[in-house]
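Please keep the model open while you read the points.

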Amino acid sequence: MNIGVFLLLIIAVLWFEIGYFIWQFRKGVRSKRMILFSFAMVCALLTFSYWFIFDLMYEDKALPFAANELGEWALFLLLGATLITDVAKKRISLLWEMAFVLLFVAANTALWIYWNGEWIQDVLTGLSISYLLYGLVRQMKYSGKFSRKQWSFIAAGAAAAVGFQACSVLADGTFGRSAELFGYIYLVLGSVLLFVLTGCMLRKKSETERSICLAYISFAWCTFSLYMTDGNWYFIELGGSYIAIFLMFLAMWKEARAQ
C-alpha cells in the first residue's frame, strides 16, 4: 500500500488547520494555547511533508534518522506545552500519575529498542513524548473532570497495550502470533472508543476541558499504537492519528469559541 495517499491527506488537513488559526489571529483572537498548538501543527506539517517527499524520491525505503524525527519530537513538546500553559503555576500533586507515566514510557522505549536497536532515537522519542503525557495528566488532574475509576480504566488500558506488545515481541510461536493479533485488534478498538467518547464530549458545550483531554488521549493512544504495529495495521493507526489530530483541532476551536 502506497503511504503517499495517507500523507497527502494529513498534509491537506494540516494546511486547513493552520489556515484557520491564521484567520483567527487576524481577527484578533489571542490565546497562548492556540498559538502553541498552531506551532505544533506547523511541526507536524513539516514532518509529514518531509516524509512525503522522501517517499516520492525513495519509494518503499524506510526513513533514516532525519528531520522528520526532529519534527516529531518538537510536535510532542509543543503539544505538551499547550496543555500546561494555563496551569503551570498551579501546585498539583502528580506523584502516582507520573510514576505510572514514566514506567509506561520506559517499558515502551525498551521494547522499541529491542525491536529496532535504535537507542538514541528511541530514548529521545520516549523523553519528548513523556513531556506530552506529563502535560496531559496535569491537565486532567487540574480539570477535575475525571473520576478515580476513569483514571484506573485509562491506566489499565495502557498497561494492557504494553502487555500485548511485550508478548508479541518476546514470545515465539503460536502464542506470540496470537498476542500480536489480539494486540492489534485491541489497539484499533481502543482508538475507535476514544474517538467516539471525544466526539460525544465535543458536542456538549459545557465539556470543553474534558474534550481537550480526550482528544489528546486519543492522539497519544494512536501514536503509541502506531509504534506498536506494522503492515496494514500500521496504516489503520496512521489514519487514526489523523483523526486524533483533527479532534484536537476541534477541541481547540471549541475552547476558542467559548472564550
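1. Start at Ser 218. Ser 218 counts as buried because its relative accessibility is 0% (buried means under 20% relative accessible area, exposed over 50%, partly exposed in between, with a 1.4 Å probe and protein chains only). Ser 218 sits in helix α8, which covers residues 208-228. Helices are DSSP runs of H or I, at least four residues, numbered from the N terminus.

2. A word on the source. This is a predicted model, where local features need pLDDT of at least 70, side-chain atom pairs count only at pLDDT 80 or more, and totals for chains, interfaces and linings use all residues. Residues are numbered from 1 along each chain as its sequence is written, and side-chain values use heavy atoms, with hydrogens and water left out.

3. What does Ser 218 touch, leaving aside its neighbours within four places in sequence? Ser 218 is in contact with Leu 194, Phe 195, Thr 198 and Ala 244 (contact means heavy atoms within 4.5 Å). With Thr 198 there is also a side-chain polar contact of 3.3 Å. A polar contact is a pair of N or O atoms within 3.5 Å; within protein, one must be able to donate a hydrogen and the other to accept it, and residues adjacent in sequence count only if both atoms are side-chain atoms.

4. Now take Phe 195. Phe 195 lies in helix α7, residues 173-202. Its relative accessibility is 16%, so Phe 195 counts as buried. Beyond four places in sequence, Phe 195 is in contact with Ser 218, Cys 222, Gly 240, Ile 243, Ala 244 and Leu 247. Leu 214 is 19 residues away along the chain, and the two C-alpha atoms are separated by 8.3 Å.

5. Next, helix α4. Its 22 residues should span 32 Å at 1.5 Å a residue, and the end C-alpha atoms are 32 Å apart, so the two agree (the expected span is 1.5 Å times one less than the number of residues). The buried residues of α4 include Phe 104, Trp 112 and Ile 113. Those buried residues pack against α5, α6 and α8. Gly 117 follows α4 with a positive phi, near 70°.

6. Helix α5 gets the same check. Its 25 residues, 119-143, should span 36 Å at 1.5 Å a residue; the end C-alpha atoms are 36 Å apart, which agrees. Just after α5, Gly 144 has a positive phi of about 70°.

7. Look at the second largest pocket. Its volume is about 1000 Å³. Of its 38 lining residues, Gln 150, Trp 151, Phe 153, Ile 154 and Ala 155 are the closest to its centre. A pocket is an open set of points on a 1 Å grid over the protein atoms alone, with protein on both sides within 12 Å along at least five of seven lines; lining residues have an atom within 4 Å of a point. Grid points are joined across faces, edges and corners, and a volume is the space filled by probe spheres set on the points. The largest share of this lining, ten residues, comes from α6.

8. Finally, the cavities. There are two of 30 Å³ or more (a cavity is a set of grid points where a 1.4 Å probe fits but cannot get out). The largest cavity holds about 60 Å³. Which helix gives the most to its lining? Helix α7 does, with six residues. Tyr 184, Leu 187 and Met 228 are among the lining residues.

Notes. Helices (H or I, at least four residues) and strands (E, at least two) are DSSP runs, numbered from the N terminus.
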